[in-house]
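Notebook open, model loaded. I want to look up an annotated site first, then the charged pairs.

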Amino acid sequence: KGKCPEDGWDESTIELFLHELAIMDSNNFLGNCGVGEREGRVASGLVARRHYRLIHGIGRSGDISAVQPKAAGSSLLNKLTNSVVLDIIKLAGVRTVTNCFVVPMATGMSLTLCFLTLRHKRPKAKYIIWPRIDQKSCFKSMITAGFEPVVIENVLEGDELRTDIKAVETKVKALGAENILCVHSTTSCFAPRVPDRLEELAMICANYDIPHIVNNAYGVQSSKCMHLIQQGARVGRIDAFVQSLDKNFMVPVGGAIIAGFNESFIQEISKMYPGRASASPSLDVLITLLSLGTSGYKQLLKERKEMFSYLSSELKKLADIHNERLLDTPHNPISLAMSLKNLDENNDAAVTQLGSMLFTRQVSGARVVPCGSVQTVNNYTFKGFMSHANDYPCAYLNAASAIGIKKQDVDVFLKRLDKCLKSSRKEGKKEKSVNEICNSNTDTEQLED
């Protein structure tokens with residue numbers, strides 16, 4: 001039926017299935033005689049086994065979704081993977097999605113492929129309207145495609161950074177709709193930024209006939225992010241949404257899913273990909289989904305939500321102990337932020353030092369964001385980079401509850417964070433007291449003492 005099985009398969013069944021697909025490829029025929037330049041020859045047996053002898057990749061030179069006559073098994077694997085992934089996207093909340101395909105590039109380059117496809121539809125357009133999110137790959141995806149990002153600064157509402165809808169519409173009118181390639185919005189993001197107001201953006205895009213591409217990097221695991229996409233498509237316009245394989249399905253980095261509501265447009269994007277492509281990302285996600293089944297994936301989504309609530313409550317308790325606070329970001333369903341005002345007041349370097357302390361204690365993924373950092377990306381200068389705003393009120397630390405996280409991860413993180421905060425505060429007090437002594441003494445001999 002081309003759908004993900006409800007109950008996961010055991011490993012031996014999956015391997016048998018993959019071997020059956022592999023023997024349909026010409027390079028594995030017993031009497032095969034290859035005289036072309038690309039015959040699926042592999043020098044290393046280890047490499048052949050690693051790929052289950054599926055060597056030909058996916059697609060043809062003119063279309064990544066096309067069937068290869070000499071690689072029936074790999075072609076079938078590609079079509080099955082896209083079908084199973086489409087089923088999972090519907091299960092995750094975007095019920096009216098019509099088409100999708102796995103592309104062997106991470107999210108940034110997959111967004112670039114979408115923009116390059118739109119270039120042929122809107123030859124006069126040179127601008128992309130982009131509500132600001134301080135993440136380099138989504139910004140560089142627009143530059144790499146040859147377009148000029150128009151950065152829309154976010155609005156601070158309480159602790160949250162939200163989409164400035166008025167600024168977006170004002171910019172559309174100022175630039176002229178025909179000169180705008182698309183609106184490039186974001187769902188999953190680091191707190192205190194929250195997902196864009198997709199419904200309002202989708203309505204603007206529909207009203208002004210402007211395409212809308214959504215960066216849904218790790219949003220498949222969030223029912224809230226998927227609901228926003230579904231609602232945006234219902235009330236307005238969303239042309240494509242792009243999500244990472246590794247962040248949503250726990251497979252190695254290197255693949256993404258491009259999905260949308262207009263089947264012909266998604267096919268256009270797949271035809272824009274030049275040449276054949278690696279089958280590895282498709283193989284990885286198919287194996288994973290066959291082993292999990294829909295019941296296994298649903299369970300992972302449920303556990304992630306539970307861990308988000310647990311992380312939120314426990315991080316709030318720890319923040320209170322250290323006279324900090326958990327920032328109030330109810331619209332962000334994956335990422336949390338805790339203020340670091342006390343560290344920032346004691347010592348400018350203490351905030352970044354906390355990040356180093358956590359990393360050396362094997363805490364990965366936690367982001368420490370100081371105030372006022374400036375960074376230039378492709379000749380664009382961002383003030384307050386990483387905080388999604390020019391002057392966010394305080395320094396803070398990020399932590400996320402992503403798919404696959406366990407209670408042990410949360411408990412160990414909080415324990416190590418507590419120790420690091422205590423250590424940082426002690427260092428800050430020492431430095432402060434030394435400075436006070438130095439400032440109160442004017443006699444050289446006293447200072448030397």
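Predicted model: local features only at pLDDT ≥ 70, side-chain atom pairs only at ≥ 80, totals over all residues.

In which loop does Arg276 lie? I find Arg276 in the loop between α10 (263-272) and α11 (280-321); helices (H or I, at least four residues) and strands (E, at least two) are DSSP runs, numbered from the N terminus.

Residues are numbered from 1 along each chain as its sequence is written, and side-chain values use heavy atoms, with hydrogens and water left out.

**Entry: annotated site**

I checked UniProt: its unreviewed entry puts the feature "binding site" at Arg60, Ser61, Gln68 and Arg276. These positions are spread over 217 residues of sequence but cluster in space, with a largest C-alpha distance of 9.7 Å. I keep in mind that UniProt annotations may be inferred rather than shown by experiment.

I listed what Arg276 touches (heavy atoms within 4.5 Å): leaving out residues up to four places away in sequence, the contacts are Arg38, His56, Ile58, Gly59, Arg60, Ser61 and Gln68. The side chains of Arg276 and Gln68 are joined by a polar contact of 3.4 Å. For that term I use a pair of N or O atoms within 3.5 Å, where within protein one must be able to donate a hydrogen and the other to accept it, and residues adjacent in sequence count only if both atoms are side-chain atoms.

Is Ser61 buried or exposed? Ser61 is exposed, because its relative accessibility is 52%; the classes are buried under 20%, exposed over 50%, and partly exposed in between (1.4 Å probe, protein chains only). Arg276, at 32%, is partly exposed. I place Ser61 in the loop between α2 and α3 (72-92).

**Entry: charged pairs**

I get 15 salt bridges in the structure, each being a side-chain nitrogen of Lys or Arg within 4 Å of a carboxyl oxygen of Asp or Glu. One of them pairs Lys121 with Glu268 at 3.4 Å, N to O. Lys121 sits in helix α4 (residues 107-121) and Glu268 in helix α10, 147 residues apart.

I also looked at Arg197 and Glu157, whose side chains meet at 3.2 Å, N to O. Here Arg197 is in the loop between β6 (180-186) and α7 (198-208), and Glu157 is in strand β4 (residues 155-157). Arg197 counts as buried because its relative accessibility is 17%, while Glu157 is partly exposed at 33%.
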